[in-house]
Amino acid sequence: MKLFFQIICGPLCSSNPLSTVEWYLVFTSLCIVLSQLPNLNSIAGLSLIGAVTAITYTSMAWVLSVSQERPPSISYQPLRSQSFTASIFSILNALGIIAFAFRGHNLALEIQATMPSTFKHPAHVPMWRGAKVAYLLIAMCLFPIAIGGFWAYGNLMPAGGMLNALYAFHSHDIARGLLATTFLLVVFNCLSSFQIYSMPVFDSFEAGYTSRTNRPCSIWVRSGFRVFYGFISFFIGVALPFLSSLAGLLGGLTLPVTFAYPCFMWVLIKKPQRFSFSWYLNWCLGMMGIAFSLAFSIGGVWSMVNSGLKLKFFKPN
């Protein structure tokens with residue numbers, strides 16, 4: 001939002017623009033307004049907007065990057081780590097970050113629960129079809145981003161990723177309208193994503209309130225929960241600026257929800273014959289998920305400790 005405002009306003013910006021924290025507050029306020037929708041079914045339109053904007057802005061990001069001249073000092077040589085052990089931990093942390101990026105798996109059952117389901121037409125059938133189509137679209141978006149971004153920027157890729165690279169290297173080469181549209185699509189996508197990820201939390205708040213008070217959740221109580229959660233998120237985002245460095249650790253900790261627990265649940269519910277192929281398969285996959293979770297978590301902890309030591313010993317006076 002801050003970069004979008006700078007692009008649109010250009011040299012006409014006032015001498016006292018909003019700070020990053022103030023932009024956080026603007027975004028949080030917009031999220032709270034949109035979060036007043038009552039349930040997952042009611043945000044189907046927002047989900048569609050999020051999907052369309054994600055496909056559009058990822059496509060625009062890599063097409064605009066590849067179509068421009070590459071920076072003159074670009075290099076494709078991999079950065080060397082201090083030791084082989086450091087390389088291994090860095091790889092594990094990177095895999096943890098990738099796992100964290102796919103945390104949306106945790107919402108699959110929440111979404112499936114909103115669909116009508118009978119023995120003749122079970123909900124998992126259309127859900128599985130939708131998942132296959134969704135991941136085909138995800139691959140069509142992310143692989144060009146990864147390949148095109150590496151080709152366009154190499155080792156010069158800034159910490160903020162492709163969007164920051166576009167602004168840093170091509171803000172004077174690309175038409176302001178195109179660049180501003182890309183950033184605005186990202187804002188729309190984030191606003192819709194916040195609702196999708198937050199709705200299960202809102203449902204938990206309301207279910208807890210209803211079970212404790214034995215009465216339905218009024219619109220004022222529901223709005224209060226959403227406002228409370230929005231500003232808690234705002235506080236965490238502002239008070240913990242190092243939160244992005246936790247991505248590898250969080251990815252490792254949440255990995256079992258996708259790759260381990262479903263296997264164990266299948267064994268407990270379906271009760272296949274012991275020592276049969278399906279019994280061995282699910283136990284092996286579940287244990288592998290737990291092992292990967294531990295490995296990724298260790299990589300995330302190592303990355304945090306390593307970053308902390310660098311900040312401690314190399315902090316400028």
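Start your tour by selecting Asn214, an exposed residue with a relative accessible area of 69%. Here, exposed means over 50% relative accessible area, buried means under 20%, and partly exposed is in between, with a 1.4 Å probe and protein chains only. You will find Asn214 in the loop between helix 8 and helix 9. Its phi is positive, about 60°, although Asn214 is not a glycine. Most residues other than glycine have a negative phi.

Before you move on, note that this is a predicted model, in which local features need pLDDT of at least 70, side-chain atom pairs count only at pLDDT 80 or more, and totals for chains, interfaces and linings use all residues. Residues are numbered from 1 along each chain as its sequence is written, and side-chain values use heavy atoms, with hydrogens and water left out.

Now select Lys271, in the loop between helix 11 and helix 12. Lys271 also has a positive phi, of about 50°, and is not a glycine. With a relative accessible area of 64%, Lys271 is exposed.

**The whole chain**

Zoom out and colour by secondary structure: the chain has 12 helices and zero strands. Helices (H or I, at least four residues) and strands (E, at least two) are DSSP runs, numbered from the N terminus. The C-alpha atoms fill a box of roughly 65 × 55 × 40 Å along the principal axes. Of the 317 residues, 29% count as buried. The chain exposes about 20,300 Å², and carbon and sulfur atoms supply 71% of that area; accessible areas come from the Shrake-Rupley method with a 1.4 Å probe, and for residues only the protein chains shown count as cover.

**From helix 8 to helix 9**

Next, show the side chains of Glu206 and Arg226, which meet in a salt bridge at 2.5 Å, N to O. The term stands for a side-chain nitrogen of Lys or Arg within 4 Å of a carboxyl oxygen of Asp or Glu. Glu206 sits in helix 8 and Arg226 in helix 9, so the pair ties together parts that are 20 residues apart in sequence. Both Glu206 and Arg226 are buried. How many salt bridges does a search of the whole structure find? The search finds one.

Stay here and turn to the rings. Rings of Phe, Tyr and Trp (its six-membered ring) pair if their centres lie within 6.5 Å; planes under 30 degrees apart count as stacked, over 60 as edge-to-face and the rest as tilted. By this rule the count comes to 16 aromatic pairs. Select Phe194 and Tyr229, a tilted pair with 6.1 Å centre to centre and 45° between the planes. Phe194 is in helix 8 and Tyr229 in helix 9 (residues 219-239), 35 residues apart. Phe194 is buried, at 18% relative accessible area.

**Another ring pair**

Move to Phe264 and Trp283, also a tilted aromatic pair, with 5.2 Å centre to centre and 45° between the planes. Phe264 belongs to helix 11 (residues 261-270) and Trp283 to helix 12 (residues 277-314), 19 residues apart. Trp283 counts as partly exposed, at 34% relative accessibility.

**Inside the largest core**

A nonpolar core is a set of buried Ala, Val, Leu, Ile, Met, Phe, Trp, Tyr and Cys residues joined through side-chain atoms within 4.5 Å. Which residues have the most contacts inside the largest nonpolar core? Select Tyr153, Leu166 and Leu179; the core has 18 residues. Helix 3 (44-67), helix 6, helix 7 (162-170) and helix 8 (176-213) each give two or more residues to this core. Helix 8 gives the most, with five residues. Leaving aside neighbours within four places in sequence, Leu179 is in contact (heavy atoms within 4.5 Å) with Ile7, Leu166, Ser171 and Ile174.

**Along helix 6**

Finish with Cys141 in helix 6. Is Cys141 buried or exposed? At 11% relative accessibility, Cys141 counts as buried. Beyond its neighbours within four places in sequence, Cys141 is in contact with Ile55 and Thr58.

Met140 is in helix 6 too, but Met140 is exposed, at 52% relative accessible area. Select Met140 with Ile55, Val133, Leu136 and Leu137 to see a nonpolar surface patch with about 440 Å² of accessible area together. Patches are made of residues with over 30% relative accessible area and no salt bridge: like charges are joined within 9 Å, nonpolar side chains (Val, Leu, Ile, Met, Phe, Trp, Tyr) within 5 Å. Helix 6 (residues 124-153) supplies the largest share of the patch, four residues.
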